[in-house]
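Subject: Structure handover

Hello,

Here is the structure I promised to pass on. Please open it and keep it beside you while you read my notes below.

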Amino acid sequence: MVDAGDPLPAGRLWTALRIARARPGFALGYAIVLGAILLGLLAPLIAPYDPVQADPAEFLQPPSLRHWFGTDAVGMDILSRVVYAPRIDLTIAVAGTVLSALVGGLLGAWVGYYSRRGGLRSVIAYLVMRVADVMQAFPVFVFAIALVASLGQSIQTVILAIAFVNIPIYLRLMRSQVMTIRDMRFVEASLVAGLSDARTILRHVIPNAMGPTVAQLSVNIGWSILLTAGLSFVGAGVRAPTPEWGSMIATGFQNVVTGQWWPSVFPGLALAITVFGFSLVGGSIEVLSDPAKARRLVQDIALRDRATRGVA
């Protein structure tokens, strides 16, 4: 039995099951994300056809037993392409988001530690924040298109563009947390013990300020998948015939007006469900990484258990 005042016992299967019962959305989110990852990993075993093999004799075939999701305008099997797409979308989104979190988090920790303390470092921290303001003043999608256009169209460029537009988010998150933590006693104690500012930031400040950043990661991965699809939709992202949800929606969109809806609808559904799953996971991480929210969740679980025993 879990006491309502105890912290959440991590790593136990029975606890995970009780959390899933109290918050079904958490379980749904993890199931969707796990399903998307498994689709990408097991795509060669699941896909019935080669995702980039065109068959002009089978173009724009409606969903059937032979082609469950139908075929596109050049005869490629849509189900196979939908199954392979997470390999590209998840790789780009995860790589870009993690890169932005590393750069933005480290920069935000430095800026937050030295902000409003006087001296040259404080001036540099102020200038960094003004640069972040300028970056966030531009529409993110337009900014990403401009970066891809200037650097050249490739998967690596899309990753860099996603990382670049996300850096200010993690910079601000980490800065706000560090400015709260930097004056706490354990930070002062580490400085008194002889640790340098750099070691204090890396060993004590950042680990205690990472909660909101970790929670934001999952939400941003979903958003980055959407941004990747958007770039591909306008022709600035992944090039056809690489299986990618955004490019599939774009190539199939022109057929919707003539009644062939399946080339766009099925990739669109896969994209929407995956982004929804990552948003649910982000919400669960935010709750479980916050001690107060986690405690309320434990209390809710305990109340449900008592109610269940009372009914029984």
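From the N terminus on, the elements read α-α-α-α-α-α-α-α-α-α-α-α-α. Keep in mind that this is a predicted model.

**The chain overall**

The chain has 312 residues, and 44% of them are buried.

**A helix pair**

Two packed helices are described by the angle between their axes and the distance between the axes. Look at helix 4 (residues 78-114) and helix 10 (residues 211-233). Their axes come within 8 Å and cross at roughly 130°. Angles over 145 degrees would count as roughly antiparallel, and 65 to 115 as roughly perpendicular. Helix 4 and helix 10 are therefore oblique to each other. The crossing of helix 4 with helix 10 is right-handed.

Which residues make the contact? Helix 4 supplies D89, L90, I92, A93, V94, T97 and A101. Helix 10 supplies L217, N220, I221, S224, I225 and T228. By class, eight of the residues in this contact are nonpolar, four are polar and one is charged.

**The cores**

The largest nonpolar core has 20 residues. Those with the most contacts inside this core are I78, V82, I225, W245, L271 and F278. Which elements give two or more residues to it? They are helix 2 (24-41), helix 4, helix 10, helix 11 (245-256) and helix 12 (262-289). Helix 12 gives the most, with seven residues.

L271 is then in contact with I225, L226, A229, W245 and I249. Another core lies apart from the largest one. This other core has 16 residues, among them I92, M135, A144 and L231.

**A residue in a loop**

Last, find E58. E58 sits in the loop between helix 3 (43-46) and helix 4. Is E58 buried or exposed? Its relative accessible area is 17%. Buried means under 20%, so E58 is buried. Not counting residues up to four places away in sequence, E58 touches R66, H67, T71 and G75.

Best wishes

How values were computed: Residues are numbered from 1 along each chain as its sequence is written. This is a predicted model: local features need pLDDT of at least 70, side-chain atom pairs count only at pLDDT 80 or more; totals for chains, interfaces and linings use all residues. Side-chain values use heavy atoms; hydrogens and water are left out. Axes are lines fitted to C-alpha atoms, for helices over the stretch in contact, and angles run from 0 to 180 degrees between N-to-C directions. Helices (H or I, at least four residues) and strands (E, at least two) are DSSP runs, numbered from the N terminus. Angles under 35 degrees count as roughly parallel, over 145 as roughly antiparallel, 65 to 115 as roughly perpendicular and the rest as oblique. A crossing is left-handed if the near helix is turned anticlockwise from the far one by less than a right angle, and right-handed if clockwise. Contact means heavy atoms within 4.5 Å. Ala, Val, Leu, Ile, Met, Phe, Trp, Tyr, Cys and Pro count as nonpolar, Asp, Glu, Lys and Arg as charged, and the others, Gly among them, as polar. A nonpolar core is a set of buried Ala, Val, Leu, Ile, Met, Phe, Trp, Tyr and Cys residues joined through side-chain atoms within 4.5 Å. Buried means under 20% relative accessible area, exposed over 50%, partly exposed in between (1.4 Å probe, protein chains only).
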